[in-house]
Amino acid sequence: MNENVILSLVGRIHRHGNRFIESELRKRSINDIAPSHGDILFRLYQQDSLTMQELSKLIDRDKSTVTVLVDKLVKRGYIHKEKDLKDTRIYRLSLTAKGHDLREEFEEISHHLIEKIYEKFSLDEKKTMMSLLQKIEF
């Protein structure tokens, strides 16, 4: 067993996942969303409103990266960005109607991806894999 290839394998799995998502988005004629927007949309489907800092922590990305991704989603009409009423240094993010309308498609694509990932695994193998991957996270 070559233990040195783990990062390569994880990277390859990530790339395959992104290609799958891109393909599914194209099939649905959604051409202005990228896989990198998925974490942001997912978090905003869970919570009505988030600050940039909260979002940055939740998706484990630095603020400058989050700002670029959010600004693209704002420009494309999926997210509304406004200054906080109590502290104007803080921006609040929420979904627009267009962003909410994407939710069903988003969840369907996520469901298909998860099915594809786990199709060859038993329930016990899934649990073991999740446990082992959580041990790797640092």
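Helices here are DSSP runs (H or I) of at least four residues, numbered from the N terminus. The model is predicted.

**Helix α4 and its cover**

Helix α4 spans residues 63-75, 13 residues in total. From first C-alpha to last, α4 reaches 18 Å, close to the 18 Å expected at 1.5 Å a residue. After α4 comes Gly-77. The phi of Gly-77 is positive, near 90°.

Four residues of α4 are buried: Val-66, Leu-69, Val-70 and Leu-73. Viewed down the axis of α4, these buried residues fall within an arc of 100°, so they line one face of the helix. Ser-64 and Lys-75 sit on the other side of α4, and both are exposed.

What covers the buried residues of α4? Both helices and strands take part, including the elements below.

| Covering element | Range |
|---|---|
| α2 | residues 38-46 |
| α3 | residues 52-59 |
| β2 | residues 79-83 |
| β3 | residues 91-95 |

Two elements give two or more residues each: α1 (6-27) and α7 (123-136).

Where is Phe-138? This residue is found in the segment after α7. Is Phe-138 buried or exposed? Its relative accessibility is 93%, so Phe-138 counts as exposed; the cut-off for exposed is over 50%.

Technical notes
Residues are numbered from 1 along each chain as its sequence is written. This is a predicted model: local features need pLDDT of at least 70, side-chain atom pairs count only at pLDDT 80 or more; totals for chains, interfaces and linings use all residues. Side-chain values use heavy atoms; hydrogens and water are left out. The expected span of a helix is 1.5 Å times one less than its number of residues. Buried means under 20% relative accessible area, exposed over 50%, partly exposed in between (1.4 Å probe, protein chains only). The arc is that of the directions from the helix axis to the C-beta atoms. Contact means heavy atoms within 4.5 Å.
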